[in-house]
Amino acid sequence: MGGRVQKSILNAKVNMLFYFLSLFLAFYSRKIFLDCLGAEFIGLNGTLGNILGYLNLAELGISSCISYFLFKPLQTDNREEIGEIMSVFGYLYRVIGRIILIAGIVVSLSFPWVFGHTELGLGIVYFSFFSILGSSLIGYFINYRQIILAADQKKYVVTAYMQTANLLKIALQIVLAYTYKNLYLWVAVEFVFGLIGCILLNWRINKVYPWLRTDKGRGRELLKKYPDILKNTKQIFVHRIKDFILGKSDELFIFAFVSLKMVAYYGNYTIIVTRVGQFFSSVLDSISAGIGNLVAEGDHENMMKVFWEATTIRHFVAGFLCFAIYHFIEPFITLWLGAEYILDREILVLLIMTIYINSSRGVVDMYNHAHGLYGDVWAAWTELAINVSVTLVAGYFWGIAGILTGKLASMCTIVLLWKPYYLFRDGLHLPYANYWLGVSRNYMVSAVSFVAAHFLLKLVPMDGSSSFLAWILFCVTGQTIYLLINLTLIMLCCKGAKDSLNRIRKRSL
């Protein structure tokens, strides 16, 4: 157990380090690239990246499926089975890579019509697109083996190598953009560093797993030995398609029912929420492979102990995020962009409700994945159908608030009610009531903490929108009040809280 915790902590530390480094460099580099290379070129790369994102839909499900099948052989150190599964993965990725390559070539035939109006010229359009496409295909044809590191709780190795290459790439691009202002040189660096990162990571994989041998040529034959891989992949594919559609639908519905201007207004909120959420996700998601290994061990008592620890931590983070966003996002936007960009308060309330569900759902999702529970394909289609049908009605009458209502309706039905039931029935084999007897305490504690801290913060004579310094002090004051109340209630009421505290104490000794 100690090794699993150590690896999870190391994954979290490395993720946090590169998160802050990337965040700083992203804001700094964007201004330089805009000034030196032009907004049209940066917009072109963003557009081409989105096109490639749609082409990469062909992959949805395979990497998640393979990581599930690797948990058990990694736990038992069955090297022969690991090699066979990785060979199947290499074969499937080779097929997908070829599909994406062909699709990319076909899509590129439309560029003279799609980008014919650009002042940059079709030369840089094609050079950029095929450089981005080439960088992506490296992962399918060469760099697919990195999945074993993630499944073996060594994701920090992937993060360290790939993110270091990425940071060095951006630093060099900054220098070259400022010095030469050459678009082709900027794109070439993008591709070369992707290749360098891949070569170094594969060298590292050979060091960590010198015994690992994969044969993509045998992958098709070995696939018959592991028929569940294709079965699970098809199931996961449906769930990921649903997530992709729902993730991209908000802006489209807002454009359809409200206006293009409100898409930008809502985007200001989601940019902040996404950035803050990414920080916590980089820490919380680091235990995913550990959960898979834990389930593979089969120690049910320890499995449930970790389940409640992780659930309480997730709800703590969800409550922390929601309190912060509800109270501090409006004064921040006022200082950043102006008071005219503030949306109605009812939109903010609905937004933090979706944030709470998304932030707290992770443990159930991880345990479902660790048990290979993706057979509820109907649930994906049902969630999508509920979301779209409610949104079409509510969005027409209430705009953005109605669109968020559609999202909440589908999440409450599937994420809150069905997914835990599916896990406890088919994975943990425990009464469903056990889940709600435990998790209802977390919901209650978060709600009471939010309301109590909200009214106490109102008594503090501070204006968080007068200056950025005042906003920082306002944030610190508000979050301190919330944390004092929330942590006290968690320790008194929530399952897994004392186990988490004991684990922290042991770590500090």
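Student: What should I know about the model before reading its features?
Tutor: The model is predicted, so local features need pLDDT of at least 70 and side-chain atom pairs count only at pLDDT 80 or more, while totals for chains, interfaces and linings use all residues. Residues are numbered from 1 along each chain as its sequence is written, and side-chain values use heavy atoms, with hydrogens and water left out.

Student: How many salt bridges does a search of the whole structure find?
Tutor: A salt bridge is a side-chain nitrogen of Lys or Arg within 4 Å of a carboxyl oxygen of Asp or Glu. Searching the whole structure gives eleven of them, including one between Lys 154 and Asp 152, whose closest N and O atoms are 2.8 Å apart.

Student: Is Lys 154 buried or exposed?
Tutor: Buried means under 20% relative accessible area, exposed means over 50%, and partly exposed lies in between (1.4 Å probe, protein chains only). Lys 154 has 16% relative accessibility and counts as buried, and Asp 152, at 12%, is buried as well.

Student: Which residue forms a salt bridge with Lys 169?
Tutor: The partner is Glu 190, with the closest N and O atoms 3.1 Å apart. Lys 169 lies in helix α8 (residues 155-179) and Glu 190 in helix α9 (residues 183-208), so this pair ties together parts that are 21 residues apart in sequence. Such helices are DSSP runs of H or I with at least four residues, numbered from the N terminus. Lys 169 is buried at 10% relative accessibility, whereas Glu 190, at 26%, is partly exposed.

Student: Where do Asp 250 and Lys 407 lie?
Tutor: Their side chains meet in a salt bridge of 2.7 Å, N to O. Asp 250 belongs to helix α11 (residues 227-257) and Lys 407 to helix α18 (residues 400-427), so the pair ties together parts 157 residues apart in sequence. Asp 250 is buried at 8%, and Lys 407 is buried at 16%.

Student: At what angle do the axes of α17 and α18 cross?
Tutor: Axes are lines fitted to C-alpha atoms, for helices over the stretch in contact, and angles run from 0 to 180 degrees between N-to-C directions. The axes of helix α17 (residues 377-398) and α18 come within 6 Å and cross at roughly 155°. That makes α17 roughly antiparallel to α18, a term for angles over 145 degrees.

Terms used:
Helices (H or I, at least four residues) and strands (E, at least two) are DSSP runs, numbered from the N terminus. Angles under 35 degrees count as roughly parallel, over 145 as roughly antiparallel, 65 to 115 as roughly perpendicular and the rest as oblique.
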